[in-house]
Amino acid sequence: MAQPQQAERAYRDMVHEEFRRLAPIYDFFAMLVRGMRRRAAAMAGVPAGGRILDVCTGTGEQALAFARLGYQVDALDLSPDMLAVAPRQDLEGRVRWHHGDATSLPFADDTFHLTTVSLALHDMPRPVRLAVLAEMRRVTRPDGRILVVDYGFPRSGPLRAFYRWFFGLFELDYFHDFLREDLEDLVSAAGLRVVRRARSHIHAFALLLCDPLKAGDGDA
């Protein structure tokens with residue numbers, strides 16, 4: 001048990017240190033995927049006025065994309081520095097912002113019509129990725145959905161090799177470990193069933209809308 005615990009502590013230390021450094025400039029780079037944020041919000045199919053949780057929200061771009069469509073949005077992040085930036089963009093107070101750990105969400109079971117994680121799983125060790133997805137399942141309603149957005153490179157070929165090299169120039173320590181497992185295989189291992197998929201930025205990113213299978217469903 002000591003080694004996994006040490007690995008998770010190292011991950012959390014990395015999050016605080018790296019995102020303290022990145023917080024002031026993160027939104028400059030996030031502009032490159034702003035269209036994908038809107039696309040993700042549009043594909044979710046949440047009922048009008050539905051409740052949405054955006055975990056690992058960073059500076060809140062995805063949360064705000066949902067809030068602009070009139071949904072009730074909660075957003076949570078582990079980095080206080082990233083989270084400090086988010087409310088500055090939320091001048092109308094549309095989002096409820098929370099500082100917290102996505103592996104232990106401060107919400108009751110079956111609360112949200114949709115939970116989403118966007119461009120964050122690749123910054124985590126695999127046990128943390130699975131713990132985050134498990135918590136997202138827990139707080140999602142049985143009739144709700146989970147939306148996962150992250151790198152989704154082709155499984156082979158020159159485009160995959162190029163993306164590994166290019167994004168590897170500036171991604172953090174867990175990026176190459178994340179790429180050892182296809183994103184669809186990861187969500188399946190977490191007990192999610194993909195019901196709709198899309199690609200963005202010449203197949204660099206995948207958007208996966210999933211059913212949150214609960215205990216006893218048989219497929220989890």
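Q: Which residue forms a salt bridge with Arg138?

A: Happy to start there! Side chains of opposite charge can pair when their charged atoms come close. In this predicted model, Arg138 pairs with Glu135, and their closest N and O atoms are 2.7 Å apart.

Q: Where do Arg138 and Glu135 lie?

A: Both belong to helix α6 (residues 126-139). They are three residues apart, about one turn of the helix.

Q: What about Glu92 and Arg94: how do their side chains meet?

A: They meet in a salt bridge too, at 2.8 Å from N to O. Glu92 counts as exposed because its relative accessibility is 59%, while Arg94 is partly exposed at 36%.

Q: Which side chain does Arg197 meet in a salt bridge?

A: That would be Glu184, at 2.8 Å from N to O. This pair links distant parts of the chain: Arg197 sits in strand β6 (residues 192-200) and Glu184 in helix α9 (residues 183-189), 13 residues apart. Glu184 is partly exposed, with a relative accessible area of 22%.

Q: Which residues are linked with Asp74 in a network of salt bridges?

A: Arg51 and Arg96 are linked with Asp74 in that network.

Q: And how many salt bridges does the structure hold?

A: There are 14 salt bridges in the structure, including the one between Arg138 and Glu135 that we began with.

Definitions and conventions
Residues are numbered from 1 along each chain as its sequence is written. This is a predicted model: local features need pLDDT of at least 70, side-chain atom pairs count only at pLDDT 80 or more; totals for chains, interfaces and linings use all residues. Side-chain values use heavy atoms; hydrogens and water are left out. A salt bridge is a side-chain nitrogen of Lys or Arg within 4 Å of a carboxyl oxygen of Asp or Glu. Buried means under 20% relative accessible area, exposed over 50%, partly exposed in between (1.4 Å probe, protein chains only). Helices (H or I, at least four residues) and strands (E, at least two) are DSSP runs, numbered from the N terminus.
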